[in-house]
Amino acid sequence: MDIALLLVALVIILIGAEVFTNALEHLGERLGISEGVTGSIFAAVGTALPETMVPVVAILASRDNPQIGEEVGVGAILGAPLMLSTLTLFLVAIFAARGRGWKGEFTPERTGLQRDLGWFLFAFGLSVIAIFVPHTNELLRGMIALSLVLCYFIYLLMTIRASAKLVENGHGTEADGPMMLARIGLPTNLATIIFQLALGLASIVLGAKMFVHGVESLSAWLGISALVLSLLIVPVATELPEKINSILWIRRGRDTLAFGNVTGAMVFQGSLLPALGITLTPWEPRAEVVLGMVLTLAASAYLYVLARRGVLRPYHLIFNGACYVTYFVTLTW
């Protein structure tokens, strides 16, 4: 029954992702914005926002057992950037290699990719520093949390500011085909685009929730701690299905949208959510937490160096996949 639930959930997520990406391309084209803004802000935040409720609810609503709630919250906060920078990028490489070969070349808009990764490394680096700040130093921890929030809003302003120039240089968002709702006779206007976006996002959220339920049932027999479960299972169950958008875009050769969807979500989940964790949880250097942070920074820094070198190929991202395998084996061995 649990396996059937997972299969149904995946079908719903796939359909929702198709509907969502189709509407998002039309929205970006209609607004005249760059693919960088569409991918790094609209797609990234739109698909990552529902998952932010997992740590928020876990931390704020776990009155009966606050320790479990804090562990689930910390695991969900740190597990998402880890999964995005490792497993998700490796899956993008696999699907790209099917059409281009492992030595094919990715062609995302470079300045946006470097901006996303640079801001993520800076913000997540602050989160790593905060984990070693004693609980008694509330002022310093509070300043770091506030800095993380400011980082994200500065990043937003810089990304939006760069949009006009990118559009002039040929990086404007263009829809691949007609809007899906137009095929049943509805007009293609802002109202129907927003309605299709909401419909696609609702389908993704519904499928993700079903997927989470199925994974929780199947993983119950493992008997691992709430923190480890959250670090490994929650991000895969809640975040990975919604990054199918990136796989769809990479298969269509829309590399800027594909990478922006991942790296934009990394900035979002690597700045605002750690600020919540620093403020409301112990945020302390447990072994599994530190290892996850180190691997996340290593995978992200590696991609940042590749992006600055100017050549990025699918086989390069095998390293990112290896980082996730290393973490999974370490925590479950």
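**Figure 1. V294 is a partly exposed residue, with a relative accessible area of 49%.** Buried means under 20% relative accessible area, exposed means over 50%, and partly exposed lies in between (1.4 Å probe, protein chains only). V294 sits in helix α11. Its C-alpha atom lies 9.7 Å from that of G125, a residue 169 positions away along the chain. The model is predicted: local features need pLDDT of at least 70, side-chain atom pairs count only at pLDDT 80 or more, and totals for chains, interfaces and linings use all residues. Residues are numbered from 1 along each chain as its sequence is written, and side-chain values use heavy atoms, with hydrogens and water left out.

**Figure 2. The whole chain has 12 helices and zero strands.** Helices (H or I, at least four residues) and strands (E, at least two) are DSSP runs, numbered from the N terminus. Along the sequence the pattern reads α-α-α-α-α-α-α-α-α-α-α-α. The chain has 333 residues, and 53% of them count as buried. Among contacts (heavy atoms within 4.5 Å) with a separation of 6 or more, 84% join residues 24 or more positions apart. The chain exposes about 14,500 Å², and carbon and sulfur atoms supply 68% of that area. Accessible areas come from the Shrake-Rupley method with a 1.4 Å probe; for residues, only the protein chains shown count as cover.

**Figure 3. Helix α4 (residues 110-131) packs against helix α10 (residues 255-280).** Their axes come within 9 Å and cross at roughly 20°. That makes α4 roughly parallel to α10. Axes are lines fitted to C-alpha atoms, for helices over the stretch in contact, and angles run from 0 to 180 degrees between N-to-C directions. Angles under 35 degrees count as roughly parallel, over 145 as roughly antiparallel, 65 to 115 as roughly perpendicular and the rest as oblique. The α4 and α10 crossing is left-handed. A crossing gets that name if the near helix is turned anticlockwise from the far one by less than a right angle; clockwise makes it right-handed. On the α4 side, the contact residues include L113, W119, F120 and F124. On the α10 side, they include F259, M266, V267 and I278. By class, the contact of α4 with α10 has 12 nonpolar, six polar and one charged residues. Ala, Val, Leu, Ile, Met, Phe, Trp, Tyr, Cys and Pro count as nonpolar, Asp, Glu, Lys and Arg as charged, and the others, Gly among them, as polar.

**Figure 4. Helix α4 also packs against helix α11 (residues 287-309).** The angle is about 155°, with the axes 10 Å apart. That makes α4 roughly antiparallel to α11. The crossing of these two helices is left-handed. From α4, the residues that meet α11 include R110, L117, L121 and V128. From α11, the partners include M293, L297, Y304 and R308. The contact of α4 with α11 divides into 15 nonpolar, six polar and two charged residues.

**Figure 5. Helix α9 (residues 244-251) has seven of its eight residues buried, so it is largely enclosed by the rest of the structure.** The buried residues are I244, N245, S246, I247, L248, W249 and I250. Just after α9, G253 takes a positive phi of about 80°. The axes of α9 and α10 come within 7 Å and cross at roughly 165°. The two helices are therefore roughly antiparallel to each other. α9 passes α10 in a left-handed crossing. N245, S246, W249 and I250 of α9 touch D255, L257, A258, F259, N261 and V262 of α10. That contact of α9 with α10 holds six nonpolar, three polar and one charged residues.

**Figure 6. W283 lies in the loop between α10 and α11.** At 2% relative accessibility, W283 counts as buried. Most residues other than glycine have a negative phi. W283 is not a glycine, yet has a positive phi of about 45°.

**Figure 7. L190 belongs to helix α7 (residues 190-219).** L190 counts as partly exposed, at 38% relative accessibility. Leaving aside residues up to four places away in sequence, L190 touches L27 and R30. The C-alpha atoms of L190 and L27 are separated by 7.4 Å, although the two residues are 163 apart along the chain.
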